[in-house]
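Visitor: I am new to this one. Please take me for a close look at a single part of the surface, and then show me what lies beyond that part.

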Amino acid sequence: MNNMWWKLLGSILVVYTVIAGFLVDVPEMAILNETIRNLFFHVTMWFGMMILLIINLVYSIKYLGSFKIPSDDVAVESARIAMVFGILGLITGMIWANYTWGTWWVNDVQLNGAAGTMLVYAAYFLLRGSIDDEQKRARISAVYSIFAFTMMIVFIIVLPRMTDSLHPGKGGNPGFSTYDLDSKLRMVFYPAVFGWTLLGVWMMTLNLRLRRINEKLNA
Amino acid sequence: MNPISSLIARDLKLEFRRKSTLAGLLIYVMSSVFICYLSFRQIIDIPTWNALLWIIILFAAVNAVVRSFLNESRGIQLFHYLLVSPVQLILARISFNTAYLVMLAIITTLFYSLFLGHSIEDIPMFLLGIILGCACLSSVLTLMSAIASKAGNNPSLVAILGFPVIIPTLMTVIRFSKNAIDGISWSVNLNYALILLALFAMTVIMAILLFPYLWKD
């Protein structure tokens, strides 16, 4: 029961996010209207994905330092959950775009960066699939994911700031903090980020345990 | 002689000895350009002209760089392992591939302009775009070729691994060379050149850090 508390906290925060996210008073904005509530679901997905990808990066570096397979297990499972978050982020973003920009997809650096990131990690899993030897697979995929992560930083953080974008918070656009005059959005947004991330890490640890059980059974 | 320059010299000698690979690449770009010419006839829209040129260069680059680590025999690998450090090897390959790609890209651009016409306002700037773009392409694709060579020598893996990570470079270089075609001033375009330079520097640093983990089996 010792390490139960954070799982409990994560679940409570997610439940709070869903309930408060739909009930809280939101600033009345033209065009955005009630869709501003998607902030608690769309933006938090990307936060969760970034945190999981940083876990992937850290464990990839750790693997290259120690050549111990458990580090690689953490790296691959975190990337897998990050993909789930990324896909959910894309879907929630597309729904939001449809209501505010009038189309499911626009040719925008931010959106393309997100899609590119998904491609990078799809390639990561493909690379893993094409190597049979466990140590070799861990080593080579760690090299690729470290390299891919640095390119992704350029992709979704540096490039969108250099060019025009429709996306809030990019290309000189104001982010949501400027709309949030009475901090009501923040009251839900920060717990939501924390809750979704904890949920993601929980999913990751479950997958990790399943993986270790499978390894024991197959050994 | 410095190991890097002797490695480059050896790659160059091999390239001249096996003329078929260079000839193959030239025929590849020529037929791509010819197909574009037959399908488009004439491209008036500058962004289309520019994007199509870079797509041809991208595919030619993948084909050119794929060979740099693929199909290297066990003997050659051991030979490198004994004589040079991994950093020297990757730097030699990246510089050789950069020079190779710049040459290939210039030839492609000449053919492309011959068939599809051109209206490049600022030729020196466009050339700088080709050099920077090819440096970035070669550094990323060389590293990807090293990775793919460890993953079962599958040539299509280079494209699968390389394309997603090459998108930032490609987007920047396409914008840079479009500005060169339009004759936009250096003060505006310098930003893109700096991004490309930074991307190249970043890739080379990552290659230096990561390649030593790749090459030992």
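Guide: Let's begin with a word we will need: a residue is buried under 20% relative accessible area, exposed over 50%, and partly exposed in between (1.4 Å probe, protein chains only). The model is predicted, so local features need pLDDT of at least 70 and side-chain atom pairs pLDDT 80 or more, while totals for chains, interfaces and linings use all residues. Residues count from 1 along each chain as written, chains are lettered from A and ligands numbered from 1 in written order, and side-chain values use heavy atoms, without hydrogens or water.

Now look at A:Leu88, which is partly exposed because its relative accessible area is 39%. A:Leu88 sits in helix α3 of chain A; helices (H or I, at least four residues) and strands (E, at least two) are DSSP runs numbered from the N terminus. Helix α3, residues 69-100, gives the patch its largest share, six residues.

A:Phe67 has a phi near 55°, positive although the residue is not glycine. Most residues other than glycine have a negative phi. With 34% relative accessibility, A:Phe67 is partly exposed.

Beyond that part lies chain B, with eight helices and zero strands. Its radius of gyration is 18 Å, close to the 17 Å of the globule rule for 217 residues, so chain B is as compact as a globular protein of that length; the radius is taken over C-alpha atoms, and the rule is 2.2 Å times the number of residues to the power 0.38. Of the 217 residues in chain B, 48% are buried. B:Cys134 is one buried residue, at 1% relative accessibility, and B:Cys136 is also buried at 1%. The sulfur of B:Cys136 has its closest cysteine sulfur in B:Cys134, 9.4 Å away, which is too far for a bond, as a disulfide needs two cysteine sulfur atoms within 2.5 Å. Over all chains, the search finds zero disulfides.
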